[in-house]
Amino acid sequence: MSLFLDLVRVSSVFSDEDLVKFAELVEKYRSGFKAISRNLYDRLSPLEQERFVTWFLKRWGKIDIIDKQERQAYDDVVARSHAVHGQEMIAGSKYLLRRYDDAGYDFSLLGYDWFSGVHDIHFDQYATSRFDVRPGDLIIDAGAFIGDTAVLFSAKTKGNCEVHAFELLDENIALMHRNLELNGLAGKVYVNRLALAQESGLELSIGITRLQASMSLMHAGDFKVNTITLDDYVKNRGLKRVDFIKFDIEGAEIHALEGARETIEKFRPRMALCLYHKWDDVLTIPKFLNSLSFSYDYEFKWVQLKLGTEAVILLTPKSGPSSVARAKDNAVQDVESAIQRILEAYHQKSSRLRELSSIRFEEIRKEGDAIVVLLGAEQIQTDQDRLLLIKRGADTQIALPLVRNAHQMMAVLPEVGAPLVGRWDVWLQVIRNGKVIAQHRVLGSNSSGLRYFFNERIGDHGASAYLTDSASSLALYVDEALRHEQVCADEAARIDFPRYLREQPLREDLVFFESFLGKAYAGNPRYIYEMLLKVRSDLNFVWAYHGDAVIPGNPQIVRRGSPEYLQLLAQAKYRINNIRFPVCGKKDETIYLQTWHGTPLKRLSYDIEVDGPEVQARDALYQESRHWSLLLSENPYSSEVLPRAFRYSGRVLEAGYPLTDVLAVPCSGRAERLEALGLPNDRRFILYAPTWRDDKAIAAWQHRFDLNLDLQLLAEGLPKGYTLLIKAHHLVSEKLDSVYLPDNVRDMSHIEDVNDLCVLADALVTDYSSVFFDFAVTGKPILFYCYDLDNYAAATRGLYLDMERDLPGPVVKTTEELVHHIADLESMARQYVDRYAAFQERFCSLSDGSASRRVVEEVFGKETYAC
């Protein structure tokens, strides 16, 4: 019980939020504290016990009591460990080379962009002053990953060890072989594609965990592996000893231990066992060790301060029989009663906190022209509390007094009208002694079967109430009456979408297109569609679109999210999109081509390490990606990055981007294009097309247009006869005021398809936008204006490529630098000719003017061209 008592001791400084987490942690481990203390915790030194408590709270309670200075020192080492010393391609994929001189080792490792080896190597995860590998050791390295520990163990023993490595993922094994070769160990490590388990000869179907390169026996999946016990492996190999065992095998440690019992009993090896994959590892692994006929000395080490992972127990065999200290029964009973009292106290605290955080409304009703929200009076402690309306996408809040009405508390909403238009989340504001001490969402239930269980017209406006999808919390929606009616009908149809999939017939000839959330006739979907117009007159086409462009071919146009849209989406044999649909699911026969919208420079989805709108939306994209039939890739690099970032394991169609077809050939009909865009025929053009900034949101998926550019200075520095065209990203909602633009600067943000500008541009200025990968097909100059490079790379999104080394043009941070390069584009282009050529070879090899044809053939069949 010593672990529990030490946890209680440190809990005295917990916040109310952490106390709730602590109560949940105690409840989860309540029956196991005695065993954890006896079999593991009591065997550690006082300093290790202190470390164990900090880790246990971080890993399993999500409670952080790590010393800030230690965390800062840890972060500094992690940052330094990512220094790159080169790169190498294996099977079309790029990997980064890192050296470890600063950790005291003369070796290199080739690995994934996120891998640095910081915990195994810099923090020496599997060693202490008393525990380590030794010269002459025969080592079992299970969870060998890319060979990092095999190389490390060899370096520590100066090559005097024999390593038997176990790894499952083919990509990891390829990297392991390369790393062994790089460090002079080729043929000196036994590499096994086997899973150590409790039984030999099984074929398991397992999955890939969130880290791309980890396999896990904890998760079912489609990846087939064969099992073997370590006992059988040792016999089959004829091994006469095993000196050191390292198990880091994604939650399968206990199974591998059971399959190694005979080996452990016979050879009594030192062991490093990971203890952090499963919540009950602290119970099952010590229990196994306690069942052996001999005892181990225990040490505990934890080095991963960010997430609470990478905790290990380091075991050195004792001489003599196994013995475990037993507490006297009366002492245990005394502690038990003390624990019961403490638990009850915490549960009372926790229960009260849960009550506060689980406020529920009882009714919403219309009284005259007013809307009334009723809460149970027993949920409200004092009349100081307020109902709080928080408007989404704005800083507006409205605090409403609660009035006691018999057994209920009542809040009357403001008059329904223009000031109330929008969506509002409903919260309870808890006030004590005149101060706001907490805010909690108002929750509820809805048995009506309708999305909007309250839906009324009040004057010229509609008002409705619903429960949010994410939290089942109360939200209000107010809008002009006709708009309100339309939105409510759309959302009702969205709820009915699964029924449409079941009941609506499949239409074999129907192709459903959407681009940029229905805002544009643009991107890959546009050019696939235009190819189909030429070769498949037998098909019917639907476009989800609410712009002003006239789409050729007279397709059926539907409004995104409308009942008609959802019914046609359910029926279509083919779907083509470059972001995502607002609903998930499809018929089994439906073919869904996800074209995406660019080769990524900036990190995507699950590769992003900084919170922001992309991170918040990635779960929804992940759910949709389960229904993709094909993911289109522009180049081999994208074929590697996109599936990993989206956690997509389906088919990738590496065929190039159809949108580049028009860029791969000389511009035709230039005069007509210029006239259609309202541009003069006697000018040359530089296109400025920056991306959006995740951290500049002004509403949901609407972002500020921060030029951070001295337009007057740039306009004065443009070469004679040039005009600057500015095209904002489609997620940027702010507009430039054309009245204040210099004469040789035009805002073209109203143009839906940036390609319509790229074909006319003589040079491109961008930042982190993927548009430059497409524009590079033209061979024309590209400049990168990255005024916020350091912040963007570290704190906004993160980047896949090295901006200074990998890009086909100069990277500048000031208007003055940009003007300098633009003044002599030809000279600048000559400086980057070799890098530009290498860039085109790497990223544009499939941009040959025939990508649309390849995609259409693959999705619709080669017989297409017989039509």
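**Entry 1**

I started with helix 2 (residues 16–29) and helix 4 (residues 46–61), which pack at an angle of about 95° with their axes 10 Å apart. That makes helix 2 roughly perpendicular to helix 4, a label for angles of 65 to 115 degrees. Axes here are lines fitted to C-alpha atoms, for helices over the stretch in contact, and angles run from 0 to 180 degrees between N-to-C directions. Helices (H or I, at least four residues) and strands (E, at least two) are DSSP runs, numbered from the N terminus.

Before going on, I noted that this is a predicted model: local features need pLDDT of at least 70, side-chain atom pairs count only at pLDDT 80 or more, and totals for chains, interfaces and linings use all residues. Residues are numbered from 1 along each chain as its sequence is written, and side-chain values use heavy atoms, with hydrogens and water left out.

Which residues meet between helix 2 and helix 4? I found Lys21, Phe22, Leu25 and Tyr29 on helix 2, and Phe56, Leu57, Trp60 and Gly61 on helix 4; contact means heavy atoms within 4.5 Å. By class, that contact has six nonpolar, one polar and one charged residues. (Ala, Val, Leu, Ile, Met, Phe, Trp, Tyr, Cys and Pro count as nonpolar, Asp, Glu, Lys and Arg as charged, and the others, Gly among them, as polar.)

**Entry 1: valine 26**

Is valine 26 buried or exposed? I looked it up in helix 2: valine 26 has 2% relative accessibility, so it counts as buried (under 20% relative accessible area; exposed is over 50%, partly exposed in between, with a 1.4 Å probe and protein chains only). Its C-alpha atom is 9.3 Å from that of leucine 7, 19 residues apart along the chain.

Next I traced an open sheet of six strands, in the order 37-36-33-38-39-40, with parallel pairing. Strand 37 (745–747) and strand 40 (811–812) are at the edges with a single partner strand each, so one side of each lacks a neighbour in the sheet. Two strands pair if DSSP finds at least two bridges between them.

I followed strand 38 first. Strand 38 pairs with strand 33 over three bridges, where leucine 764 is the bridge partner of leucine 687. Strand 38 also pairs with strand 39 over three bridges, and threonine 766 has phenylalanine 784 as bridge partner. Both faces of strand 38 are covered: Ala763 and Val765 are buried on one side, Leu764 and Thr766 on the other.

Definitions and conventions
Parallel < 35°, antiparallel > 145°, perpendicular 65-115°, else oblique.
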